[in-house]
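Hello,

Here is the structure we talked about, for you to open alongside this note. Below it I have written up what turned up, so that you can follow along.

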Amino acid sequence: MDYDAQEIETRWQKAWADSKSFEAEVDHSREKFYCLEMFPYPSGHMHMGHVRNYSIGDAMARFHRLMGRNVLYPMGYDSFGMPAENAAKKEGGHPHHVTHRNISSIREDQERMGYSYDWRRFLATSDVDYYKWNQEIFLTLNESGLVERRTAPVNWCIDCDTVLANEQVKNNRCWRCGLEVVQRDMSQWFLRMTDYSDELLDELDNISFPENVKAMQRNWIGRSHGAHIDFKVNGSESVIGAFTTRPDTIFGVTFLTLSPEHELCEELCAGTEWEGAWRDLLDECTRMSEFERINMLKEKKGVFLGRYAINPLSGEEVPIYAGNFVVASYGTGAVMAVPGHDQRDFDFASRYGLEIRRVLIASPGDDPEAELSSAFDGYGPMVNSAMDDFDGLSGDHAKTAVIQELEKNGAGHGSVQYRLKDWLLSRQRFWGTPIPMIHCESCGIVPVPSEDLPVELPLDVKFTEDQKGNPLESHDFFVNTICPECGDPATRETDTMDTFYDSSWYFMRFCDAGNDQSPFDREAVDYWMEGGVDLYIGGIEHAVMHLLYARFFTKATRDHLMNEVGEPFGRLVCQGMLNAPAPFCIDCNTEYHVDHFEADCPSCGSPLSSRSAKMSKSLGNTVSPEEMISKYGADTVRLFILFGANPEAGMDWSDSALEGNHRQMFAIIEAFQSVQSMDESPSEIDEWLMARIRSNQSTWKEAMMDVSLREGVMISHFEMISDWNWYRRRGGANRSTANDFLRAWIPMLAPATPHIAEEFWNIMGNEALLAEHVVEATETRSGDTHVLAKERYLRNVISSARNLRSMAEKHSEGGISRVVIQTSAQWKSDLARESLRLDSEGFDFKKDGQSHVQSLPIFQNEAMRGEIFQTWMALTVGSKKKRGRIHTWPEGDISLIGSELNEAEVLSSNSDFLAEALDVKHVSVYSVGEGEDVAGKARVAFPLEPGIAFL
RNA sequence: GCAGAGGUACCCGAGUUGGUCAAAGGGGCCGGACUUAAGCUCCGGUGCAUAGUGCUUCGCAGGUUCAAAUCCUGCCCUCUGCACCA
């Protein structure tokens, strides 16, 4: 068969589409499987990262269909966002057109790969029939009190001309363009995600996310338990609230530190000699980017504010400082400083000559007055407490006692702090969902009534290169409206929503994508989303943002009774990076663009080596999927991707491995073709092949269920073929066995290489499509291990004979022409069976083994005693390195021995095959004693390990 | 610094409820068969030693055990995330 991948693949893609093979509907009588990939931003063409993502998903979707599940496998596009807007500016078009052009292009690429999506459920978030539901849900969230408008300093990217969420700022740089972020005060829309902080955190324990993702989310939410403590300012009405996780160190407070931005700073030092220094510090801190600030913070700096605060428990007065290391946005922006037990405070106190006091000791009995050379930040018994009844308490007991005392005095309380912030939703951009709110001079801010939705983005906007700001602001028709409450002229909100909003519920929309009455129907969502999306596949880069927002959203809509589940994703798989070689300078630890291959390092001049690096445009080490598909076909690319590494593991692109996989496709075809020439000629090996099929199928299913695709593919695309080849070498040529083999094998090929599988299926004469086929459940049979073990016995004999042969050659003068195989003496096999029987009865070989063997009748033969004893030991005890055989024989070998397998008969009935495999003219087989003891090999012969002599 | 994941033969990569592990599978390389010829396909080999049960290997160093790639301790290194977060 010629392998014209292009022809075969496009033909079957059309057939699948024509027969609507992948269209799924709610069906309560069937088990569902919701397989989803993180939908892409349509940036033109599909790249290899996409190919990997979707090849994993498609394999799993196809596998679960084969297993008879009702599979929902949709695809859509996360199509709002800045790149389209920027592209529109560049070409003077509209982002809507740019987006749709890109969508058709990437969709074409996806279709060419043969992914089995239910395309009826297609959605693009920038289409009004999607984003109108964004607005509808926004009104719902507003009703639930989860929407808030407040002025806040926001992260602003000048280049992108937009606001950024905290998550979108990395190292004080915009995640998208890399420019440094500045702070700006603005009136903004927020979603109160922090209302769900605890649930978002606690539920992590119950969901099947990879550990690193859980760790990142826990980090991000950053819950810490402690106490809020109020320090009165001496001679003032003001109170400084400080959060601490270590209330047990309250008596070690020797000063307070405020962040320079803290509102009390000015009040405390205004008009005093201290004011100037504080202003300098404040200027220095605000002027610097956060990034510089962190670097600078290696040096702790602070100024005295001229006032004192009162420790609410001890009544002690402590100085108040402003310090550059205190973060304004965390907690209250004020820290109770305990230099004895916090390293930062210790450094600060050392520098400014403040008291360092020990109030904890490491373990009971330590000297409470021992000097501290660095902060002790562990837990231990309290000492030197300024109040009675505290000394000696440690850890949680100490914390609780202090908190209780604070509460008694009305000076504080137990408190929980989170790092998680509310979700800043507003973006001052055009290409996003308009926030459905109206500003009215008399009524204030009024939500757009649900019946007036959608608020549509105008299509008649001209985008130009030098445009500034948000074009919506200058679009009169969009901006000017009427207040729904008073009817007076009013203006629309021109902010649009962060695009993460769009992707926070699209998985629910997919369950009911055609619904034009509501975002989704509850019945459909409850069916498909039960237990969450069964398999969600995507990149690790969404670990905190998208995955956290989506979890929040699902809980919020759940609480609005729109859906049952609270956790959207049952099992999450984060696919590993796709790497390819890039030039690398060892000295500079830097990767360069592939143009620099064979060249010297541009910065230090030393010769560049090569290193595997994440495929990226900037390094130019990308591979075009289209090119690979046109060269090798989609099946080869899919096979390479899936066999190259397990989904979670990183993987290196390799041209030679890809070619290897292409060759494997030919091997698969070759194997398939060889099946065609079979007659009715049953033989013993048929039984073996059938047993192999059953065993392969069961391990394959297990691997696939577990998303261990590499292992699955190894069985379906490699093991099955080598078994088939072995079958043929062993003389297998039976048509009905071959048919059984194909019926089992071809479906196994479908998840990774669906086109060739469908082609085979068709050639076999099946009327129905393989894509719609459900495999019948098969189970391994009780006799299988025995059958398999028998064949493995033969293979093992061949393999050890081969090893011996190469050595025998060195000792033979005239070359080797025959082999004599002596199988184990009967008494050895009897002994083996005896010891296995004893072992199963719990016999103590160490204690009673020796006397037992001596009591055997065979032991009467004095000449044999030595060998008997040796055999017995090898069977039951073993040597230093090798344990007794009865303990190491696999189940199948035990079965062979138990069934009194006639080894000599097995081998001699296969003597022609042995002769061929060992490349000798003549093979003689007999059990020890029934023929001449050639070369003294009788002694070596052991059950399942015959003595072999080459002559 | 904290947290998570890792370090397996030339390369990639399985194996980590201790024994069936000199360690699957693939790539590469070597040899053989087939073929007009192969860059196709098939078969064999690929730590060292050796007419077979031997030696040395799974980041390094110790330990537990009759027995360790697998368990424990310490150390080194790589990747990822967080970070003067109170």
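Let's begin with strand β12, residues 317-323, where 6 of the 7 residues are buried (under 20% relative accessible area with a 1.4 Å probe, protein chains only). Strands here are DSSP runs of E with at least two residues, numbered from the N terminus.

Strand β10 (residues 255-258) runs parallel to β12, with 3 bridges, and Thr-257 is bridged to Tyr-321. Strand β11 (residues 302-310) is antiparallel to β12 and joined by 6 bridges; there, Gly-302 faces Gly-323. β11 and β12 make a hairpin with 6 residues between them, and Gly-315 in its turn has a positive phi of about 75 degrees.

Phe-950 touches, among others, Leu-804, Ile-816 and Val-920 (heavy atoms within 4.5 Å).

Finally, Leu-179 lies in the loop between β6 (173-174) and β7 (182-191).

A word on the source: this is a predicted model, in which local features need pLDDT of at least 70 and side-chain atom pairs 80 or more, while totals for chains, interfaces and linings use all residues. Residues are numbered from 1 along each chain as its sequence is written, chains are lettered from A and ligands numbered from 1 in the order written, and side-chain values use heavy atoms, without hydrogens or water.

Best wishes

Notes
Buried < 20%, exposed > 50% of the residue type's maximum accessible area, 1.4 Å probe, protein only. Helix = DSSP H or I, 4+ residues; strand = E, 2+ residues; numbered from the N terminus. Pairing = 2+ DSSP bridges. Lists of a residue's contacts leave out its neighbours within four places in sequence.
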